[in-house]
Each structure stands twice: as structure tokens, then as C-alpha cells.
Amino acid sequence: FSNSTYNKVWADAQKDLDIQLQREREEFVQPEKDRVKVFEMLATSYIKYVQICCKLETAHDQLIHRQKRRAIRQVLDGVIGRILEIKKEMVELENSEFNYIDNILEDLKLLPQDIEVPIPRYFIKEKLEVLQQREKILDQILLNAGLQTQKYVQAITFEEAIKVIQVAERARQGRRRVAFMKQIYLEEKRERQTKLQIPMGPNPDDAATCIQKVCRGYVQRKKTEKMREEEMIFLGMSLPPHLKAVSVSQMHAGQVNALQGEVQEREEEVFIKDTLREMEGLNIKETLQDQIGQCFIECRHIIGKFPDYPTEEAGGSMAILSEKTPEQVASELAAKKEMALQKKAQKGEKEKEKEKGKENMKGKKTQKTGKKEEEEGWKMAPSNFLSIMEEGNSQYKAVWQNRDEGWDFLQDHDPELIKEEKREEVEEEIRVQVDELMQQKLENLRLAVDGEESNKRNKGRKSEKVRAAMMSLVCRTIDSLYRELVEEGLLIKAKTVNLSDYVGEYSYLGTTLRQVDIEPMPSLADVRQLIALYGILPLGSQTVHERAPLVKALLLAGPAGVGKKMLVHAICTETGANLFNLSASNIAGKYPGENGLQMMLHMVLKVAKQLQPSVIWIGDTEKIFLKAVPKGEEAMNPKRLVKILPKFLKALKAQDRVLLVGTTNRPFDANLKPFCKVYQKIIPIPRPDYASRFGKYFMLWKHIILQNGGAITNLLNISCLAKVSDGFTQGHIVQVVQAVLSELRLLQMTRKPLRTAEFMASLARENPVYKEEEETFK
């Protein structure tokens with residue numbers, strides 16, 4: 001049943017994608033002058049693509065069939081990249097990182113939860129073994145360096161375990177014996193008192209009345225509590241009991257998801273590939289040799305000499321077996337040489353013309369671009385992902401849409417499709433071997449027919465010299481560099497925090513406030529979405545990172561306690577990235593001097609690229625860009641990175657999944673020009689505003705109390721806590737809850753439920769974020 005369900009989810013996603021691609025061909029081609037209409041078009045496309053992405057991610061995670069998952073993965077990467085491209089257009093259109101689309105959500109009858117950008121689970125699942133092994137190595141290095149203490153589990157022998165059990169059992173029997181003897185003593189005492197006819201309290205009628213009073217009060221209180229719970233459930237203010245508890249089906253679903261990854265990782269492709277190599281390898285090898293030998297003979301017959309064998313960079317025998325004739329290949333090579341000479345000659349002339357024209361064009365450029373935008377209107381920039389999505393869509397229609405799968409009961413793989421894929425890999429492996437044989441055969445033919453010798457020996461000497469020079473530069477392994485960075489404290493262990501743990505509610509008044517020229521304060525949900533779009537999605541997928549709008553540096557700015565460090569750790573957790581700490585306080589005294597600094601950054605860059613994805617975190621990053629170093633911090637030398645940081649970012653290319661993340665709680669202290677030049681994207685995280693404070697803090701208080709082992713009862717008024725905590729950050733609430741919920745308080749939870757006043761006293765000791773500080777951030 002699950003296979004058919006998720007096949008349907010995939011089919012629905014492909015159908016929606018087909019409609020969306022058709023819509024893009026019709027709407028985004030023509031220029032549009034109305035900016036409001038442009039934003040509505042972009043926002044609607046953004047919402048549709050997010051919904052398609054959710055369906056594709058669900059189908060990709062739940063389906064076991066490997067070929068289907070590969071087909072879904074291609075389209076999923078294309079959809080994620082398209083979401084990032086549309087987000088870039090929306091940001092440029094509104095000149096703001098935060099885009100509010102609540103009015104469009106209302107028209108489409110959707111909830112904010114429906115457009116939450118999903119984080120694909122394959123980011124972690126596909127490299128889970130590598131991440132677990134790397135975590136073990138990191139723990140061992142930290143343990144050996146004395147930077148981490150090991151939690152020892154005391155192991156005892158079988159005899160000692162028996163003694164422990166015997167002591168506990170004898171103590172239990174002793175307690176039962178004491179209780180039994182106490183009961184006998186009380187019965188004997190009662191018998192003695194009756195014999196002496198000592199009065200035992202009030203008469204029987206008064207005792208019965210007292211017992212009735214207590215019992216009826218207890219029963220009535222229970223009825224009142226039940227009626228109140230039913231009323232709250234009816235009003236939708238609390239969940240019914242069957243939804244609060246974890247059902248058996250939910251537990252079974254969790255077990256199935258855990259086993260599903262093991263089924264998805266079954267390796268039968270290797271067996272099919274080996275079978276193909278044994279069955280068809282000889283035929284492929286003979287066919288390739290015959291074809292290449294025939295090309296040698298034809299080329300000598302037409303040109304008069306044997307051709308030069310193409311190098312591996314040029315494609316090897318693939319270049320020989322192309323559809324072009326030898327005459328066409330020779331003419332193309334000659335044309336390329338002529339074009340190279342012409343470009344060199346024209347380059348000098350163009351530089352001179354550019355220098356003369358720069359001065360005249362400076363004033364004219366702004367006028368021309370402004371007029372063009374007004375006349376032509378807005379037009380969508382070319383996409384790098386539409387071709388990927390269209391190719392995946394056409395592949396789905398050709399292969400999977402009307403495919404009969406009644407014969408495939410297991411739904412884990414299709415052997416014929418695997419053979420088609422692996423046959424190309426087998427041919428490529430055999431082609432490498434054939435190239436070596438045919439290259440030697442070509443030299444023998446030249447010696448026998450033309451009496452010529454190949455110039456390959458001289459080339460080989462040159463390449464050997466180059467290789468020797470390169471090997472002298474790269475003398476250290478990645479493992480040794482990794483170990484050194486860990487021991488120096490530059491590569492740290494990221495905390496296991498998911499982005500979903502950054503709890504926050506959506507801002508429902510964003511569009512309304514902008515219509516009256518008031519810039520709304522971003523909500524935690526908006527911040528969470530930007531972290532997913534700029535940090536997690538590009539780092540998780542190589543295809544998306546190479547083709548999507550490149551974001552090299554990200555700045556998180558906000559007061560202390562709003563969760564900046566938590567978001568950095570969440571990026572690492574969701575993508576499995578390494579975390580490097582290059583904060584000024586962390587690198588103080590390490591690798592002194594300019595040469596030491598360059599060596600440190602070279603090591604960090606090399607390890608980060610080799611073990612990508614990687615996150616390079618700079619805490620209190622404003623200290624690097626201070627105009628003057630404050631007293632007491634001269635020894636730390638916080639401005640070491642100010643000159644070399646732009647060069648470091650320049651060395652990062654599109655194929656390098658490395659992200660620089662800076663956090664700051666005083667961005668206004670920095671020299672803003674170089675500060676904003678380094679950080680490409682700046683995400684402000686302010687204190688919560690009134691519009692979203694209640695819903696946000698209600699969620700936050702409840703989430704943190706439950707996370708720390710507390711229990712929510714009717715005696716704990718979370719609404720009151722949400723109202724009183726105006727101006728306090730998430731960090732303040734975490735500190736308050738942790739201070740109240742001590743080990744002793746948790747033990748008393750069953751007989752002494754939590755009350756609102758307990759948190760009030762602890763909250764009063766914290767210092768809130770005042771309005772003046774918020775204005776400074778603005």
C-alpha cells in the first residue's frame with residue numbers, strides 16, 4: 001500500500017510541475033512593467049514550487065525503488081534550485097531579504113505551514129556511515145588531546161552483579177517485613193483500646209457524614225475538571241487524549257522508517273555490473289579495437305599520415321569515434337589556432353578602447369539602464385534549473401508514467417534499467433584499457449609504415465616534472481591537517497540541533513504593515529526560512545550549490561540570546577557539515593605572524609574543501625572590523641583577519657560547498673563599508689514584536705518546558721508567561737526554565753505540579769532587550 005501511495009504522491013508532484021513549467025513558458029517570457037503584478041507572479045510560483053518540493057521530498061524519502069529515487073532526485077534538485085532563483089528575484093524586486101506573502105496565501109487558502117521549505121532527508125541519510133565514522137574519529141582526537149572527557153561505564157563481573165541483586169532483594173524484603181509488622185502492631189493496639197472501652201472519636205453518624213462530604217466533593221471536582229477539558233477540546237484550545245498519546249501505529253511507522261534506509265542501501269548494482277563485465281566485456285573490447293583501427297586506416301588514406309592519438313583530457317578514443325570526418329577535425333584545429341592568434345592581437349586594441357570609453361560611459365550608463373527598465377519592464381533572468389526540471393519531467397513521462405509494474409512485487413529495483421546504466425560504465429572502463437593498447441599499436445604502425453617516432457617521451461618528461469613540483473607542494477595528508485585543526489581548537493564538534501527546534505510563529509501582518517509604509521519586524525519563522533534557503537539547501541546538494549545563486553558569506557545579527565549560535569549548529573546538523581571556529585577569541589595566540597595566519601587559513605580551506613560541506617563560523621565578527629581595538633583586547637589582536645578574509649572568500653568557487661557564517665550582537669560597532677562587503681547576506685534577528693509575541697512565546701515556553709523534563713498542567717498559565725515575557729529573548733527563557741527545573745524539582749513534579757509564580761521570580765532577575773537597543777539595530 002505504501003508503494004502505491006507514494007507513487008501517487010510522485011505522480012501528483014510531476015503533474016503540478018508540468019503545469020508550472022507550462023505557466024513559466026507563458027508568463028515569464030513577456031516583459032512586465034507593473035511591479036505589484038510581477039511580485040504576485042513570483043510569489044505564486046514560489047509557493048507552487050515549495051509545494052512540489054514537499055511532495056517530491058516525501059516520495060524520494062519513502063520509496064525504495066532505486067531508479068525511481070534517482071529520477072526524483074534529479075527533479076528535486078532542479079525544483080530546489082528554482083526556488084532559490086525565484087527568491088533572489090523577489091529580494092531584488094523588494095530590496096529586502098524578508099518577503100511577506102500572507103495575502104497570496106489567503107487567496108490560495110493555504111496556511112503558513114504549507115509553504116515551509118522542506119529540508120531533504122537525503123542530505124544526512126546518504127552519508128550517514130561517513131558522518132558516524134568522522135564523529136568517532138573527532139571524539140577520539142578530542143579525547144587524546146584532553147579537550148573532552150570520556151564518560152566511563154563501570155563494568156562489573158557476573159558474581160558482583162549477583163551480589164548487587166541480592167542486596168537489593170534483601171532490602172526490599174526487609175521493607176515489606178517492616179510494613180507487615182507495623183500493620184500487626186496497629187491491629188493489636190486497636191484490640192487493646194476496644195477492650196478498655198476508650199472512646200474512639202465521634203459517633204458513627206457524624207463519621208459517615210464526614211466521609212460522605214469528602215467523597216462527594218472529590219467526585220464533583222473530578223466531574224468539573226472533565227467538563228472543563230471537554231469544553232477546551234470543543235473550543236479547539238487543547239488536543240483530545242488520543243492525539244496527545246503516541247499510538248501503536250506511530251511507533252510502528254517509526255520502526256519502518258528506521259528499517260527503510262537499510263532496504264534502500266542494498267547493493268545489487270555491483271553484482272549486475274560484474275555480470276555485464278563478464279558477459280559482454282570481450283565483445284565491447286573487440287568492437288572498440290576494430291572501430292579505432294578502421295579510423296586509423298581511413299585517416300591515413302585521406303590525409304596521408306596517421307593521426308595523433310587524443311589525450312585523456314580531449315576524450316581519448318571518444319574523440320576519434322565522433323561523427324566528424326578526419327578532414328573536419330583537422331580544419332577545426334587549424335581554425336582554433338587562427339582564432340587564438342586573432343584574439344591576442346585584438347586584446348591589446350580592446351583594452352585601449354575600453355580605457356578611453358570608460359570616462360565617457362560613466363554618466364551615460366545610469367541614464368540608459370534607467371530608461372531601458374522603464375520602457376521594457378521587468379523580465380525574468382535566465383534559469384540554470386529549467387532544463388534539469390524539463391529533462392526530468394520528460395523522463396518521467398517516457399519511462400515511469402505509464403509503466404506496468406504488476407510483476408515487481410518488491411519494488412526495490414529494476415534489473416533492466418540497471419543494466420542500461422551500468423553498461424555505459426563498463427564501456428567507459430574498457431575504453432580506458434583499449435586506449436592504452438591502441439596507443440601502443442599506433443606507435444608500432446608509425447614505425448612500421450612511416451618510420452616516425454612519437455613525441456610522447458618528451459611530453460612525459462615534462463608532465464613528470466610538473467607532477468614532482470606539485471607533490472613537493474602537497475606534502476601533508478588531509479588526516480594530519482584535520483587532526484592538527486582539532487587539537488588547536490579550530491575544528492570543533494557541532495551540537496545536534498535541528499532547524500525545527502528553532503520554534504517560531506509566522507508574521508501575519510507583514511503585507512498590511514508594508515501597505516502603510518511601515519517595515520515589519522521579521523518573525524522567527526522568516527529567519528528559519530532564510531537559514532534553510534541560504535545555508536542548508538545549497539550546502540546539502542552539490543548540483544544546487546553549483547548552479548544556484550552563490551552565497552559565500554552569511555551574517556546573523558541580533559541581541560544576545562536570540563539563537564544565532566543555535567542556527568549555526570542547526571546548519572551543520574541538517575547538512576552534516578564540519579564546523580570551523582575562527583572567532584577572534586579562539587584564534588588568539590595561535591599561528592602568530594602573517595605567515596602563520598596564511599598557513600592557518602590555507603589549512604582550513606584545504607580541509608573544508610576536501611571534507612565538504614563545511615561551515616566556517618566567526619563569532620563576535622564585528623571585532624574584526626573595529627575602527628579601534630578597545631583597551632584590554634590588544635593581546636587578542638581581533639583585526640588579524642580583516643585584510644585576508646576577502647581573499648579567503650575569493651578562493652571559494654561554485655563547486656566548493658563552504659559557507660562563512662558570522663554572528664554578532666553589536667554590528668553597529670564595526671566599520672560598515674568593509675563589514676558589508678564581506679558578508680553577502682545579512683539576516684537581522686530582532687526581539688519579538690507584539691504581533692507575533694503571543695503565539696511565538698506560547699510555543700516557545702511550552703516547547704522548552706517539555707524539552708527540559710517539565711509537565712504542563714492547568715496550574716501553569718503559559719499565556720500569562722507569554723504576556724509577561726515581552727522584551728525577553730529565547731535565551732532568557734531557556735535560562736529561566738533550566739534554573740527552575742532542577743533535578744530536585746523534577747523529582748517533585750508528580751506530587752507538586754509546576755506553577756506560574758515559580759517562573760516569574762526567575763524571569764525578574766534577567767535583563768530584557770530595551771527599545772533603545774532595538775532602534776540601534778534598525
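The following legends describe an overall view and several close-up views of a predicted model.

**Figure 1. Overall view of the chain.** The predicted chain contains 31 helices and 6 strands, and buried residues make up 37% of its 778 residues. Of the contacts in the chain with a separation of 6 or more, 82% are between residues 24 or more positions apart. The chain exposes about 48500 Å², with carbon and sulfur atoms supplying 55% of that area.

**Figure 2. The largest nonpolar core.** This core has 81 residues, and those with the most contacts inside it are V79, I101, I531 and I683. Helix α2 (residues 35-62) supplies the largest share of the core, 13 residues. Because domain 1 (1-118) and domain 4 (489-684) both give residues to this core, it lies between them.

Figure 3. Leaving aside residues up to four places away in sequence, I683 touches F98, V527, L530, I531, Y534, L554, L555, L556 and A557. A second, separate core of 41 residues includes I587, V604, L645 and Y679.

**Figure 4. The salt bridge between D61 and K125.** The side chains of D61 and K125 meet in a salt bridge, at 2.8 Å from N to O. This pair links distant parts of the chain, since D61 belongs to helix α2 and K125 to helix α5 (residues 122-125), 64 residues apart. D61 counts as buried because its relative accessibility is 5%, whereas K125, at 34% relative accessibility, counts as partly exposed. Both residues belong to a network of salt bridges that links E57, D61, R121 and K125.

**Figure 5. The salt bridge between E126 and R73.** The side chains of E126 and R73 meet in a salt bridge with an N to O distance of 2.8 Å. E126 lies in the loop between α5 and α6 (128-144) and R73 in helix α3 (residues 66-94), so that the pair links distant parts of the chain, 53 residues apart. E126 is partly exposed, with a relative accessible area of 45%, and R73 is also partly exposed, with a relative accessible area of 24%.

**Figure 6. The salt bridge between R528 and E116.** The closest N and O atoms of R528 and E116 are 2.8 Å apart in this salt bridge. R528 lies in helix α19 (residues 524-540) and E116 in the loop between α4 (102-108) and α5, so the pair ties together parts that are 412 residues apart in sequence. R528 counts as buried at 10% relative accessibility, while E116 is partly exposed, with a relative accessible area of 27%.

**Figure 7. A nonpolar patch on the surface.** F234, L235 and M237 form this patch, which has about 410 Å² of accessible area together. M237 lies in the loop between α8 (204-235) and α9 (241-244), and M237 counts as exposed because its relative accessibility is 60%.

How values were computed. Residues numbered from 1 in each chain as written. Predicted model: local features only at pLDDT ≥ 70, side-chain atom pairs only at ≥ 80, totals over all residues. Heavy atoms only, no water. Helix = DSSP H or I, 4+ residues; strand = E, 2+ residues; numbered from the N terminus. Buried < 20%, exposed > 50% of the residue type's maximum accessible area, 1.4 Å probe, protein only. Contact = heavy atoms within 4.5 Å. Areas by Shrake-Rupley, 256 points an atom, 1.4 Å probe, with all protein chains shown as cover. Patch = residues over 30% accessible without salt bridge, like charges linked within 9 Å, V, L, I, M, F, W, Y side chains within 5 Å. Salt bridge = Lys/Arg side-chain N within 4 Å of Asp/Glu carboxyl O. Core = buried A, V, L, I, M, F, W, Y, C linked by side-chain atoms within 4.5 Å. Domains from an automatic or database assignment.
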